[in-house]
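Colleague: I'd like to learn how to read the features of a model like this one. Could you walk me through a few of them?

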Amino acid sequence: MPRLCHLRSLFFAITVFASGSGASVHAHYAHAPLSAWRTTTFAPGQAAGIFFEPAAPVALEFSVENVAADSISLDRYVVRVARTRSLVGNPQSIWDSPYKNVELIGEWPLRSLASNSPGELSPGRVLKLSLSATTGKYGHFSVMIALRGGAVDDGYRAAAFAVVYPPAKGPKPESYFLATADDTMTRGESTDFSIPERYGIKWLRLPITPRFSADGQFDWTIPDRLAAALRRHGLLSLNDISTWAGPLPMIGGKPITYAWGRKVNLIPRPEDFPLFGQQVEQVIKRYGDVSPAAYLRNEPWEKGSITFYHGTGHYYGEWLKVASTAARRASPDFPILAADAITNFEDNIQMRGLTDYVDITSHHADLEASRGAVQSAVLGKRAWETEDWLSHYDAYLIANLTMKIAHGFEKSNPGDPGLYQTQPGHNGHPDWRFVPNSSIALPAPAGQAVSTWLHFIEGVKFTREISPSHLPWMFLFESAADAPAKHAAVVIGRIKAYGYGYHEAHGDVAWPAVTAFGKLQVADTDRALSVYDFSGNAIARDARGGFEIPLNEEAHYVISTRGASDVEAKLRAARAEYAGNTLQATLLDFTQPLEKKPAVRVSVRNNAQATTDAEVKLTPPTGWRLVAPTQSLAALKPGESRELAFEVAETAEVAANRYPFSVEVKSPTGGLRFTENLHVAIFRRGTVNVDGDLSDWEKIGALPVTVSSGAAAPDAVEKYWFPFMNLPAGHAGGTQVRFAGAWDDDYFYLCAEVQDAEAHYRPSMREGIYFTQHEAPLDFLYWGVTPEFVSTAGDGLKIAFDIHRAGEKNDPWLPPEAQKKVDARFEALSADYEYDLYLGAKNRLAESYATVRDRHLARIANPPDDNYRKPNPPFEDPRFVIEGEPQPEVWRLMAPGVPRHNYYPFSNRLERDQGLVPRATLVVKREGALWRYEAAIPWSELAEVKPVVGREVRFSFYVLNDGKRSAAWASGRSASGGRSQTIHPTWYRADAIETVWSFQDFAR
């Protein structure tokens, strides 16, 4: 019996079912206002509110109780049904995507099942009511109880249902989509998989592994139940074989927890590896038909993990060997997935020579769009996106799923799928997108969107992007020759988020200057095309017999009866009309002294599928004069970029070396305008003495540049010039950096002043303790903190040269041809040379491990507070003290031939690898809040930079404050853009190194 809950002065309990077409009851809903919501009803065996017939009426029944003191006239209330979509929240949060009403379907009065007239409802009286609503469309719909006369968004959202295409029957191993099972399924509390089945989803990320009985035997009760449900619903599972219920690493008879609950080790002890291998082998033999692939812990990276992994890298390698070997004993061709993002695959598997134990690479490729799939293909491995944590916003979700397939991932999983709302088992989350604290499975807009996407592209193979150089996004899918014809294209006008690459204020994720929506005019004289909207509804032809496809964030589907070539030809010939700017402009710094009056270089790119003209107007700073401040571009083709040189008549040099130029670009459909500070970016020839006294730099005439972040006012630096010491140590807010470079025949020199109020030292890479382990037999676990290694701890200065383009780099992981396949719209390849400069502290443990362990055991025996009475009492983190003065170190992070990876204690050491740079000199001095860096790096270390007078190179520098980037030269520059992990640590987004510097000799 559905539970009754309060709404204003009423209780409502709603049952949703479809009448006609032999449909049966699908779900029970119970609802209340947000402040009072608490529902536990879940109807097993019923696919809650998912229907297949747009023309069939959906019947609703309500139980209403008046809990007010007075009678209520029910004719004041109406029920409204509106088509709904996800509303953009913060796409980086899986919980922030509320609904929006996009179309009112209809409005009906409440009717009594007994009298067909609601009338007056006296206090305490319960009345059963009903209505019947027909949507006539595919889509996601909300049911609202509202006051008569109120707007469609004024109603209380009481329920939801979806109308989708009937899915294909039976499992599909090749299916593109991988959903995440909810908590109740994982625990075996629910085996009702009818919702994903009715959506057309074929794969779930669902662990099917045994528990252990009291006598230490495998208990197959729950996994047997889950496997039976998968078979019943025609679904497949990606199995988490690392799920371990056997003996855990313990101290004092209790599992180890670090730092007040931050980590719990749910991993087998090495002495239990034989038993773990038996578990894997038996799981695959028992469930291989419904779990034809498995993965070993999704996030085993040494920097830390959210999935209870705290072992060393060496341990993970041994664990992977056991799992993979056991799987192949069970079935020689059984595929094993391993790792996390491609960066963790590099660190944990490639660097350890373990690629033979992996068949499919597992990714969280939210930061690196395509590199993971490309790098996997080089190794002959398949690539799956196993957890991307995309927004629940349905438009972003479909765009991301399509892009993942285009980038070579066989399957894509958005983490928490948001396919139905709310998920059973997620009662701890105040899920305000619909109703909080509900365990009823209500269809969500994202689920309807995924179902539609699968309907159109499932069973066809992605072949290519139709227009990768410009908008709109058009992805072509083609049926195999021996398969039923189902050729399709997915058309998206603008993608605003790909993974975490979110540009709410800046337009398209690849072409951020494009902020407009528009339409695509597609001719179809032979009437072979059909076009469908985001929800799967057919779009009518226009007056000319073709189609006008909206170019917005929503995917549209184009189908042809004449094959994929027909779809492609007609979409290529279509004209895109955006109601606004489609151009992009880039400015470059000056690489010659101003006395030579170097031209201002401006590049303009056309990002839309329509040839256009443009006018470019450049406004120089005060005191400057251009020969011709306005230039024209004629017939700029789709995807074409042209560079203009604005000749300079007069310059006005300023000490701050910052010159604000404003550029305005106009086209027939719109334009853009912005101001960017340009600089004279040169390395001055001259020899300096690296001693921390920066007066040598003034003598050789070095020209510094300044960058600020946070609250540091960039204009404040204009009054300061040499000597460098005049930079104010107490400047408030943000980070301020002044940097200069120089060169001679033997060395590249650099100096920098950094305003940073608090010192954070890195662990020395020469000596000292920079990681700790438990004592044997628990020495396969890090003690407390995971390794704080170079590039992720302390303060420091980082420099990077990017010399070679894709196809020319000496990258051990990516051969030249593979480099060209990495999608440059989202990611730039790693810098050719990258170095960290910092003060390294020699540290030692303040207390020995034995002291901390014994104190922990004593607290377990005599708990001082409730923390030590819990099943997982906290084991203290190690504390360190510094011995002596921190010493300057220059650490090579990247150079040609060095494999990209993050340096960990248990990584293999290669002949050409990261490490301290011999013959490099660094002096770091600190005065109050001011740091001064001065360094020399030999050209033998930077052999491929090849300094020649007048040569331009791509270069950038970064400042780290307590392990985090606080200021970056390339940040916010029109030439760069945050696209990829170009520098270390590789899991952080950085700016592409497209800022240009040159080598100059003023004596010539």
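This is a predicted model: local features need pLDDT of at least 70, side-chain atom pairs count only at pLDDT 80 or more; totals for chains, interfaces and linings use all residues.

Colleague: Good. At what angle do helix H8 and helix H9 pack, and how far apart are their axes?

Modeller: Helix H8 covers residues 394–406 and helix H9 covers residues 445–457; they pack at about 35°, and their axes are 9 Å apart. The crossing of H8 past H9 is right-handed.

Colleague: Which residues of H8 and H9 meet?

Modeller: From H8 come Asp-394, Leu-397, Ile-398, Leu-401, Thr-402 and Ile-405, and they meet Pro-445, Ala-446, Ala-449, Val-450 and Trp-453 of H9. Sorted by class, the residues in this contact of H8 with H9 are nine nonpolar, one polar and one charged.

Colleague: On to empty space. What is the general idea there?

Modeller: A probe the size of a water molecule is rolled over the atoms, and this shows where empty space is left. In this structure there are seven cavities of 30 Å³ or more. The largest cavity holds about 100 Å³ of space. It is lined by 13 residues, of which Asn-810, Asp-811, Ser-830, Ala-831 and Met-894 are the closest to its centre.

Colleague: How many residues of each class are in the lining of the largest cavity?

Modeller: Seven are nonpolar, two are polar and four are charged.

Colleague: Now the backbone. Where should I look for cis peptide bonds?

Modeller: Check omega. Ala-776 and Pro-777 are joined by a cis peptide bond with omega of about 10°. Pro-777 sits in the loop that runs between strand E53 (762–763) and strand E54 (796–802). Another cis bond links His-984 to Pro-985, with omega of about -5°. For Pro-985, the loop is the one between strand E65 (978–980) and strand E66 (990–991).

Colleague: And phi? What is the phi of Asn-657?

Modeller: Phi of Asn-657 is near 55°, a positive value in a residue other than glycine. The loop between strand E46 (648–650) and strand E47 (659–667) contains Asn-657.

Colleague: Is Asn-657 buried or exposed?

Modeller: The cut-off for buried is under 20% relative accessible area. Asn-657 has a relative accessible area of 1%, so it is buried. Arg-919 also has a positive phi, near 70°, and Arg-919 lies in the loop between strand E60 (915–916) and strand E61 (921–927).

Colleague: Could we apply the burial reading to a residue in a helix?

Modeller: Take Tyr-287, which lies in helix H4 (residues 273–287). Tyr-287 counts as buried because its relative accessibility is 2%.

Colleague: With which residues is Tyr-287 in contact, leaving aside its neighbours within four places in sequence?

Modeller: They are Ile-208, Trp-220, Pro-223, Asp-224, Ala-227 and Arg-231.

Colleague: To finish, how does the whole chain look?

Modeller: The protein chain has 13 helices and 67 strands. Of its 1004 residues, 61% are buried. Among contacts with a separation of 6 or more, 72% come from residues 24 or more positions apart.

Terms used. Residues are numbered from 1 along each chain as its sequence is written. Side-chain values use heavy atoms; hydrogens and water are left out. Axes are lines fitted to C-alpha atoms, for helices over the stretch in contact, and angles run from 0 to 180 degrees between N-to-C directions. Helices (H or I, at least four residues) and strands (E, at least two) are DSSP runs, numbered from the N terminus. A crossing is left-handed if the near helix is turned anticlockwise from the far one by less than a right angle, and right-handed if clockwise. Contact means heavy atoms within 4.5 Å. Ala, Val, Leu, Ile, Met, Phe, Trp, Tyr, Cys and Pro count as nonpolar, Asp, Glu, Lys and Arg as charged, and the others, Gly among them, as polar. On a 1 Å grid over the protein atoms alone, a cavity is a set of points where a 1.4 Å probe fits but cannot get out, and a pocket is an open set with protein on both sides within 12 Å along at least five of seven lines; lining residues have an atom within 4 Å of a point. Grid points are joined across faces, edges and corners, and a volume is the space filled by probe spheres set on the points. Buried means under 20% relative accessible area, exposed over 50%, partly exposed in between (1.4 Å probe, protein chains only).
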